[in-house]
Amino acid sequence: MLAPYSPKQNHLLAALPAADYRRLQPHLERVAVELGCALYESGSQQDNVYFPTTSIVSLLYVMQNGSSAEIAVVGNEGVVGIALFMGGGTTSSRAVVQSAGYACQLEACVLKTEFERGGPLQHLLLRYTQSLIAQTSQTAACNRHHSVEKQLCRWLLLSLDRLPSNELTMTQELIANMLGVRREGVTEAAGNLQAAGLIRYSRGRISVLDRPRLEERVCECYAVVKRESDRLLCVNSAGAELRS
Amino acid sequence: MSDTSRGALLMLPRRSPTPQLNREPAGRVTRRAAIENRLLASVPRKEYRRLLDVLEPVTFAFGEVLYEPGDAIRHVYFPGVCLVSLLTLVDDHLALEVGMVGREGMVGIPLALGIGVSPIRALVQGAGVAMRMKSAPFLRELRQNLHLQRALYLYTHTLMAQVAQTAACNRFHMVQERLARWLLMTRDRVRSNEFQLTQEFLSHMLGVRRVGVTKAAGQLQKRNLIEYSRGNISIVDEQGLEAASCSCYQATNNAQA
């Protein structure tokens, strides 16, 4: 079941001043996105950007031999398609829906015009870009140094933060693709978490039963990514510095 | 030309590095380092002259830390012949290089994106000259100078691609391929086939244990692609090394082209 839709469920859109939001509003189109559907392929031209409201999108880096690994996850805190306004045109990653729901679609040309005004939307999008780079860097280090179980905990918590409920529809195969590990590794890690009473996994549905203990097991990477994404929308010393 | 200006000193310092900013006299060095940096070189002359007023040349030694995670970004740096590694730290001591910035880029991108705090460690990996700018004049220039803005955003996009590539590369590729890629990326930025570095340093960059580095370097040497002795590395067969590196080397180059 999909939650009711409003563009302002997306934190970036919600953070826009009323005048800026009104300019965008007529161009925001609600789209329902399904699990596994690709919003972009790597190397392709992008015609739209997407502001997820109730959906979650996974950015995957695709290697030449076709294997892929998740480099970041985007939910209602962000936007899919930063290459468009950064001037890159195409992107090296593939954007795949990891949790079905709604997103706001916005045409590339409208976004570019608005970005070039240099106002609050530009400000928000640039800050979001930085938090995405931070997330990708952390993911790289986490992939290198942490166990599959810890990575799975990170992935579950980052997903939950972007969802209205504590349930996730997901196959082990998809998780394995996201984390870039073999399916057996995911099965084992998920089995351990289930045996410890932290999650329940059945028929492609994962429910988190004990979030505090999941947070105890996760590697520090979760907190780092969360902090960077919280920094994005709060006015802190960095924001003050920017205006000085 | 001195060693420093070739950016050739990649040795680890014996004691913990203390940043030393050797200010060069303005003039020849200023111009040379500025032109070396491609972002600065892309700014039209009139606007560039204004930038010169707020740019200041600095010489970095190997191992200097420009930012630690959580540090306020007080300066941004435009490398000339020096080379800076961006490292993500986990569990306080495990590091991994997620990006490499040379004359094609700028160190301090978070500030250009509106975040005044560095999430990563920026470590000088190849000594040499860079131009630096204080954060306040940088932000002022960024607002006024559309050329600089566009160039920086585009560079950010390629940096993002590099970080993403690194994340996937770390996941799938063997140490030997990754070492080959790292050596080639370093060569491209310092523009020399010879540099000095320790295995310990390489193990931080690649996020593997020292024995892994020793083994991989030994294999590349056996294939006559590099020569490695007492911390001196020279690339003897560039094409061979390119063939030995993973696809990521070419992919990153294409993204930057």
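I began with a convention: angles run from 0 to 180 degrees between N-to-C directions, and axes are lines fitted to C-alpha atoms. With that in hand I looked up helix 8 (residues 175–190) of chain B. It runs at about 145° to strand 5 of chain B. Helix 8 of chain B lies across strand 5, strand 6 and strand 7 of chain B. I note here that this is a predicted model.

**Entry: the sheet in chain B**

I next looked at the strands under that helix. Four strands of chain B form an open sheet in the order 3-7-5-6, and the pairing is antiparallel. Which strands stand at the edges? I found strand 3 (65–67) and strand 6 of chain B there. Each has a single partner strand, so one side of each is left without a neighbour in the sheet. On average, neighbouring strands are turned by 35° against each other, direction ignored.

I then checked one pairing. Strand 3 of chain B and strand 7 (residues 121–126) of chain B run antiparallel and are joined by two bridges. In that strand 7, L123(B) stands opposite V65(B).

**Entry: where the chains meet**

Helix 5 (residues 120–145) of chain A lies across strand 5 and strand 6 of chain B. Its angle to strand 5 of chain B is about 65°.

I looked up the contact counts next. On chain B, 36 residues are in contact with 39 residues of chain A. Several elements give two or more residues to this side of chain B, among them strand 5 (83–90), strand 6 (94–101) and helix 12 (247–256). Which element gives the most? I found helix 7 of chain B, with 16 residues. By type, the residues on this side of chain B divide into 22 nonpolar, eleven polar and three charged.

**Entry: the nonpolar core**

I turned to the largest nonpolar core, which has 155 residues. L152(A) and V84(B) touch the most other members. Helix 7 of chain B gives the most to this core, with 13 residues. Leaving aside neighbours within four places in sequence, its contacts are L179(A), V186(A), A189(A), A190(A) and L193(A).

**Entry: chain A overall**

I counted eleven helices and ten strands in chain A. How does its radius of gyration stand against that of a compact globule? For 244 residues the globule would have a value near 18 Å; chain A has 18 Å, which agrees. Its C-alpha atoms fill a box of roughly 55 × 40 × 35 Å along the principal axes. Buried residues make up 50% of chain A. Among contacts between residues at least 6 apart in sequence, 77% join residues at least 24 apart.

**Entry: strand 6 of chain A**

Is strand 6 (residues 93–99) of chain A enclosed or open? I found six of its seven residues buried, so the strand is largely enclosed by the rest of the structure. Strand 4 (residues 56–62) of chain A pairs with strand 6 of chain A over six antiparallel bridges. There, Y61(A) has S93(A) as its bridge partner. Strand 2 (residues 38–40) of chain A also pairs with strand 6 of chain A in the antiparallel sense, over two bridges. A38(A) stands opposite V96(A).

**Entry: a three-stranded sheet in chain A**

Last, I looked up an open sheet of chain A with the order 8-10-9 and antiparallel pairing. Strand 8 (167–169) and strand 9 (199–202) are the edge strands, each pairing on one side only. Neighbouring strands are turned by 15° on average, direction ignored. Strand 9 and strand 10 (residues 205–208) of chain A pair over four bridges. S202(A) has R205(A) as its bridge partner in strand 10 of chain A.

How values were computed
Residues are numbered from 1 along each chain as its sequence is written. Chains are lettered from A and ligands numbered from 1 in the order in which they are written. This is a predicted model: local features need pLDDT of at least 70, side-chain atom pairs count only at pLDDT 80 or more; totals for chains, interfaces and linings use all residues. Two strands pair if DSSP finds at least two bridges between them. Two residues are in contact if their C-beta atoms, placed from the backbone, lie within 7 Å. Ala, Val, Leu, Ile, Met, Phe, Trp, Tyr, Cys and Pro count as nonpolar, Asp, Glu, Lys and Arg as charged, and the others, Gly among them, as polar. A nonpolar core is a set of buried Ala, Val, Leu, Ile, Met, Phe, Trp, Tyr and Cys residues joined through C-beta atoms within 7 Å. A residue is buried if 20 or more other C-beta atoms lie within 10 Å of its own, exposed if 12 or fewer, and partly exposed in between; C-beta atoms are placed from the backbone. The radius of gyration is taken over C-alpha atoms; the globule rule is 2.2 Å times the number of residues to the power 0.38.
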